[in-house]
Amino acid sequence: MFNRDRWDEILEALNANKFRTFLTAFGVFWGITILVLLLALTNGLKNGVTADFGDFATNSMFMWTQGTSKPYKGLPKGRYFNYKIGDVAAIKSEIPNIKYVSPRNQLGGYNGANNVVRGTKTGAFEIYGDYPEYIKQQPMDIIQGRFISYSDIESKRKICVIGTGVERGLYDKGEDILGTYVKINGVNFLVVGTFKMSNSQGDGEQEASTIYIPFTTFGQAFNRGESVGWMAITAEDGTSITTLKQQIFDLMKSRHTVAPDDDRAIGHFDLSEQFERVNGLFSILTIVGYFVGALVLMSGIIGISNIMLIVVKERTKEIGVRRALGASPWMIKSQILQESLILTILSGMVGISFAAFAIWVMNTILDNAGPVENFANPSVSMQVVFTALIILVVSGVLAGLIPANSATKMKPVDALRIE
Amino acid sequence: MIQIKDLHKSYHMGSNSLHVLKGINFDVKQGELVSIMGSSGSGKSTLLNILGMLDEADEGQYILDNVPIKNLNEKIAAKYRNEFLGFIFQSFNLINYKSALDNVSMPLYYKGVKRKERTERAMHYLEKVGLAQWSHHLPSELSGGQKQRVAIARALASDPKVLLADEPTGALDTKTSYEVMELIQGINDEGKTILVVTHEHDIAQMTKRIVNLKDGLIIDDSPVEQIRASEQIRLSEQLKDSQHV
C-alpha cells in the first residue's frame, strides 16, 4: 500500500502548498503536544506527591495508644495504657495475612535537646528502638556495616545504626565510623552501620539525623521495659491493611480492657488508605489529561479534515483528470486517506518529539534548581506514547474519511468541466 | 473499432428535460482519423464523453473493440478508460505540480506498471512528441503547444485503442494548432484510431472524415481529402516570407 510511488504522490501533494500544510499540521502537532505534556505534568505531580510517602511500604498503618474515653469493667475513662511486646506476637498469630509488625519506641525528636555525645561533639537526634523487619517497611540504603539483627534483639546488644546526618554531626570527614562508640543519654552504643534513605524527599534531613538501636536494648537502657510506643503494621500483598485494621483494633481493645466501642483509645494512621486516595486522585487527573488533550487534538483533527475537504474541492478537476486516465475511485480515496494519515502522523510525531524535548528541559531545570514541593520527574511511559500514536492513526483515518468520500462523489465528467 | 447504434442521452434539470443525443449511429474503423463537428449544443461533447465512458448513454449500444460498454461501475469504467482510451483536452489538464515526465507516466501508474519501465516508456513518448529535453519541467514552464504535446504523450502512454481529443487546438494559436495537428496526423499514420471534436473547419479538413452533428443527430458523415498540417505550415511560412520581400 505504501510503495515509493504512493510516497511521491503524497509528498508532492503536500508540498504543493507548503504553508497550508504546515498550518494544518500545526493543529495536530499542538494537540498531541498538549496531550503528552498534560500527562507528563500529571505524572510529575503524582511522582512529587507520592514521594512524600517515601519508600515506606504503602500497605501499612501506624498504630498508637490514646487515653480511653469510656469507663469499662470498673476501669475509669481517661486511663492511659501502653502496648506491650506480647501484643506483637498476638497480632502475628491471631490476625491472618499480616506481613510485618514492628513495635517501636522513640527518644528525642523534633527540637529535642542534645542527647548524643561523642568525645567533644554533641547532637540532638531521634533515637528509635526497632526490630530488624523495620528496614523492610522503610527501605533504606546501608552504606557501611549492617542493620539491626535478631541476635542483637535477643542479646540486647548495645549497638546502633546511624544516619548520614548523625555522621556529619559527630564525625570528622574521612574518620572511621564502624567500631566507634556514641553515648546516647549516657549509655555507650557501638556503631555497626550507617544508612541513608533510599528515596528521600523533603524530610531527608530529619530522616538522616536518626539512630536505630535494637528494640530490646532500648527497653532496658531507657527504662521502657516491655512497653511499645507504637507499631508499624504491614499486610501481605493482595490484602489491604484497611480491611484488616478493625480486627487488629478489636484484638488490642480486648487485650487492654478497653470498651469495644471506644474508638478514641487507639490512634492510627492508615498509609494504605491515604495512598489509595492519592492514587485515585491521580487516576482521575490522568483521565482528565487524556480527555482535555484528546479534545485539543480533536480540534487539530477537525482542522485536517477541513483542509482536506478544501484540498479535494480545489483538486476536483485534477481528480477528474486522474479518473479519466484510469484511476479507480478507491485509488483516489486511498490517496486522500493516506495524505491525511501521513499529515496526521508526521505532525503527531513532531508533536510527541517536541513534548519529549519540553519534558527533558523541565527535568533538566528541576535537576539543576533542586527539588520542588509536590513535583518531581515529569515523564510519560512508552505506553502513553503508543496510545498517542494509536489515537493519531485512528484520527488520521477519520479525518480523511469525509474528504475521501466527497472526492469521488462527483462524476468524472462533471469534475472535468470545473474550471 | 467503435460501433454505435441508436444512442440517446437526455439531461434532466429539475422539471426540464433536455434531449441532447437523439439516436446517433456511426462506426469507426481501425486507423481512422475522424472529426466531429457541430455548433455548440449540438451534442458533440456529450457524444465524446459517452465514447470516453465519462458519461453513460440512456439508450443505445456502444461497442468498443468488440467489448460492449454498458452497466459500468466506476471501477470497471476506470479500467476500460485506462486500457482503451487516451484523452486530449482543450485545456491540456496537466497536473501542475508534476513534471512533464510524471504527467506522462500517470496512466501507466494507474495501470500498475513498475516504476522503471514506466519512466522508460514515458520518456519514449516524450521523445516522440519532441519534448525529451523538457521532461523535468513543470507544466507552468512550458508553452501552450508544449503542454498539449505533453498531454498527447500522456494520452499515448498506456498505448490505448482510441484517442479522444476534445477541441485539442481550442486554446492554441493557428501555427501551434497546425503543429499539434501535424503530430496527431503522424500518430494516425502509425495506425492509431483518433476522434477529434472541433468546431474549426481548417482543423476538421486535416482529418480523413468529418461527422457533422446538429441538434443531437448526424446530418452529414463523409470522407474528406486530408490536408497535411505540415503542408499548411510550409505554405504559411512561404506567405510570411513573400510578405517580407
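Two residues are taken to be in contact if their C-beta atoms, placed from the backbone, lie within 7 Å. On this criterion, 17 residues of chain A are in contact with 20 residues of chain B. The model is a predicted one: local features need pLDDT of at least 70, side-chain atom pairs count only at pLDDT 80 or more, and totals for chains, interfaces and linings use all residues. Residues are numbered from 1 along each chain as its sequence is written, while chains are lettered from A and ligands numbered from 1 in the order in which they are written.

Secondary structure follows DSSP runs numbered from the N terminus, with helices (H or I) of at least four residues and strands (E) of at least two. On the side of chain A that touches chain B, at least two residues each come from α1 (4–15), α11 (316–324), α12 (329–369) and α14 (412–417) of chain A. The largest share, four residues, is supplied by α11(A). By class, this side of chain A holds 10 nonpolar, two polar and five charged residues. Here Ala, Val, Leu, Ile, Met, Phe, Trp, Tyr, Cys and Pro count as nonpolar, Asp, Glu, Lys and Arg as charged, and the others, Gly among them, as polar.

The mean pLDDT of chain A is 86, and 95% of its residues reach 70 or more. Among the elements of chain A, strand β8 (residues 159–163) has the highest mean pLDDT (93). The lowest (67) belongs to helix α7 (residues 204–208) of chain A.

An unreviewed UniProt entry annotates residues 21–41, 287–312, 341–362 and 382–402 of chain A as "transmembrane region". UniProt positions are given in the numbering used here, feature names are shortened, and annotations may be inferred rather than shown by experiment. In the model, residues 21–41 of chain A are 100% helix and 0% strand, with end C-alpha atoms 30 Å apart. Residues 287–312 of chain A are likewise 100% helix and 0% strand, and their end C-alpha atoms lie 36 Å apart.

Burial was assigned by counting neighbours. A residue is buried if 20 or more other C-beta atoms lie within 10 Å of its own, exposed if 12 or fewer, and partly exposed in between, with C-beta atoms placed from the backbone. Nonpolar cores are sets of buried Ala, Val, Leu, Ile, Met, Phe, Trp, Tyr and Cys residues joined through C-beta atoms within 7 Å. The largest nonpolar core has 111 residues, and those with the most contacts inside it are A:Val36 and B:Leu195. Helix α2 (residues 18–51) of chain A gives the most to this core, 11 residues. Beyond four places in sequence, B:Leu195 touches residues including B:Val28, B:Val34, B:Ile36 and B:Leu48. Another core, of 47 residues, lies apart from the largest one; A:Phe125, A:Val161, A:Val166 and A:Val182 are among its members.

Chain B has eight helices and 10 strands. Of its 245 residues, 44% are buried. Among contacts in chain B with a separation of 6 or more, 69% join residues 24 or more positions apart. Strand β3 (residues 33–37) of chain B is largely enclosed by the rest of the structure, because five of its five residues are buried. Both faces of β3(B) are covered. B:Leu33, B:Ser35 and B:Met37 lie on one side, and B:Val34 and B:Ile36 on the other. In a regular strand the side chains alternate between the two faces of the sheet.

Strands are paired if DSSP finds at least two bridges between them. Four bridges join β3(B) to strand β8 (residues 193–197) of chain B, running parallel. In this pair, B:Ile36 stands opposite B:Val197. Four bridges also join β3(B) to strand β9 (residues 209–214) of chain B, again parallel. There, B:Met37 stands opposite B:Asn212.

B:Leu183 is found in helix α6 (residues 174–189) of chain B. B:Leu183 counts as buried because 20 C-beta neighbours fall inside 10 Å. Outside four places in sequence, B:Leu183 is in contact with B:Val129, B:Arg149 and B:Ile152. The C-alpha atoms of B:Leu183 and B:Lys128 are separated by 9.1 Å, although the two are 55 residues apart along the chain.

Backbone torsions were also inspected. Most residues other than glycine have a negative phi. A:Asn97 has a positive phi of about 60 degrees and lies in the loop between α3 (85–94) and β3 (98–107) of chain A. A:Asn97 is partly exposed, with 13 other C-beta atoms within 10 Å. B:Phe92 has a positive phi near 65 degrees. B:Phe92 sits in the loop between β6 (85–88) and α3 (100–111) of chain B, and is buried, with 23 C-beta neighbours inside 10 Å.

Conventions
pLDDT is the predictor's confidence in each residue, from 0 to 100.
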